[in-house]
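Trainee: I would like to go through this model step by step. Please show me the sequence and the structure.

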Amino acid sequence: ATSNSATGTGRSTSSGASGEKTSFNFYFTGSQNVKDLWDTLVPMFEEQNKEVDVNMVYIPSGTGAEPTYDRILAAKQAGKGSGDIDLYEDGINFVNQGTKDGVWEQLSKDAIPNLANVKEQTMQDVDSYAIPYRSSAVVLAYDSTKITNPPTTLDELLTWIKANPGQFAYNDPSTGGSGSSFVQTVIYKDLPEEDIHNSDPSVMQKWDSGFSTLKDLGQYVYGDGIYPKKNQGTLDLLMNSEVSIIPAWSDMVLQQLNEGLLPDTVKMQQITPGFNGGPTYLMVNKESDKKEAINQFLDFVLSPEAQAVVVDKMNGFPGIELDKMPQETQEKFNGVAEGFRTFNIGDLSTEINKRWQNEVAAQ
């Protein structure tokens with residue numbers, strides 16, 4: 001059931017005596033690893049559910065295809081039903097936007113029993129309009145041969161950096177999310193918790209203390225103020241033992257451990273307050289007339305069996321509670337899959353990067 005054509009199938013939705021399948025269109029985007037994930041999961045599902053056909057429509061990252069969301073909204077506004085887009089995968093911004101625009105179906109445990117496996121709070125955060133089926137977060141990645149007790153709070157980390165000059169690195173925040181997360185976590189350290197969900201420019205007036213901390217740290221970070229490019233830049237320094245601790249994306253660390261690129265002495269630790277992270281979501285188009293088949297598919301995606309594939313292929317945190325997963329998965333994510341926060345500061349992150357370039361990088 002792979003096809004890149006986005007045409008409506010026009011097939012009957014009944015799977016009655018005629019033996020016809022129900023087919024629905026699932027749109028997703030992302031890097032090759034996202035495509036590999038669905039190329040694995042969809043055949044597994046179809047093998048178990050012969051009466052459902054999942055038509056995958058993959059839009060590679062950055063192809064400039066007409067945004068899927070705009071098409072969903074346009075079809076709704078024109079009274080044209082689902083616009084042949086039944087299920088959609090994306091981030092929190094599209095969950096929020098679609099909830100406002102009234103395009104998503106509210107999901108329930110009655111229709112999708114395995115929703116009971118998802119943390120209650122995570123579903124409440126999105127008012128049950130989306131399923132957080134996998135997550136990743138920025139964590140501290142560290143060399144356990146040099147560090148036995150890694151910092152567990154931001155204050156401990158800042159103290160550690162000063163006590164161990166040159167042994168910590170973070171990347172230029174405009175070139176990758178792990179450096180950006182470190183910078184934002186420092187800037188928002190003493191601000192009210194709700195500010196990490198506030199995109200109002202008035203918050204910018206509260207940034208001075210955080211920027212002064214970052215300026216002061218410059219002399220203690222790698223190379224006396226060298227900020228590598230991209231998330232990979234700092235991982236390379238850790239790989240080559242040039243530094244002992246860095247902020248990094250959990251999925252990148254796990255993938256590179258699996259591939260033997262990072263030594264198995266590299267371990268991970270989340271801190272409090274947490275670095276940012278967040279789920280990737282599946283949303284059901286309210287206008288779709290294939291909901292029964294879609295719910296069957298979503299129930300499968302939230303099964304421990306499918307979630308094991310998510311962990312294996314994407315190195316993501318499972319979307320379901322860890323205690324529903326096999327023991328080895330629980331151990332892999334112990335102390336890492338919890339505690340991250342989702343920063344929702346809109347265009348303010350661009351303002352942070354500009355100011356960081358002027359005041360921190362340029363000194």
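This is a predicted model: local features need pLDDT of at least 70, side-chain atom pairs count only at pLDDT 80 or more; totals for chains, interfaces and linings use all residues.

Trainee: Which residues of helix α3 are buried?
Mentor: Buried means under 20% relative accessible area. In α3, this applies to Ile92, Val95 and Gly98.

Trainee: Why do these residues lie on the same side of α3?
Mentor: The residues in question are Ile92, Val95 and Gly98. They are on the same side of α3 because the arc they cover around the axis is only 130°.

Trainee: What do the buried residues of α3 pack against, and which exposed residues are on the face turned away?
Mentor: The buried residues of α3 pack against α2 (68-77) and β7 (277-284). The face turned away from the buried side carries exposed residues, namely Asn93 and Lys100.

Trainee: How are α5 and α6 oriented to each other, and what is the handedness of their crossing?
Mentor: The axes of helix α5 (residues 154-163) and α6 come within 11 Å and cross at roughly 110°. Since 65 to 115 degrees is the range for roughly perpendicular, α5 and α6 are therefore roughly perpendicular. The crossing of α5 and α6 is left-handed.

Trainee: Which residues make the contact of α5 with α6, and how many are nonpolar?
Mentor: On α5, the contact residues are Leu154, Leu157, Leu158 and Ile161. On α6, they are Phe182, Thr185 and Val186. One residue of the contact is polar and no residue is charged, while the nonpolar count is six.

Trainee: Is Val360 buried or exposed?
Mentor: Val360 lies in helix α13 (residues 348-361). Its relative accessibility is 1%. With buried set at under 20%, Val360 therefore counts as buried.

Trainee: Which residues does Val360 touch, and how far is Val360 from Gln219 in space?
Mentor: Leaving out residues up to four places away in sequence, Val360 touches Tyr170, Phe211, Leu214, Lys215, Tyr227 and Arg355. Val360 and Gln219 are 141 residues apart in sequence. In space, C-alpha to C-alpha, they are 10 Å apart.

Trainee: Where is the cis peptide bond, and what is its omega?
Mentor: The bond runs from Thr272 to Pro273. Pro273 is placed in the loop between β6 (266-269) and β7. The omega of this cis bond is near -10°.

Trainee: Is Lys230 buried or exposed?
Mentor: Lys230 lies in helix α8 (residues 230-239). Although Lys230 is not a glycine, its phi is positive, about 65°. Its relative accessible area is 56%, and the limit is over 50%, so Lys230 is exposed.

Methods. Residues are numbered from 1 along each chain as its sequence is written. Side-chain values use heavy atoms; hydrogens and water are left out. Buried means under 20% relative accessible area, exposed over 50%, partly exposed in between (1.4 Å probe, protein chains only). Helices (H or I, at least four residues) and strands (E, at least two) are DSSP runs, numbered from the N terminus. The arc is that of the directions from the helix axis to the C-beta atoms. Contact means heavy atoms within 4.5 Å. Axes are lines fitted to C-alpha atoms, for helices over the stretch in contact, and angles run from 0 to 180 degrees between N-to-C directions. Angles under 35 degrees count as roughly parallel, over 145 as roughly antiparallel, 65 to 115 as roughly perpendicular and the rest as oblique. A crossing is left-handed if the near helix is turned anticlockwise from the far one by less than a right angle, and right-handed if clockwise. Ala, Val, Leu, Ile, Met, Phe, Trp, Tyr, Cys and Pro count as nonpolar, Asp, Glu, Lys and Arg as charged, and the others, Gly among them, as polar.
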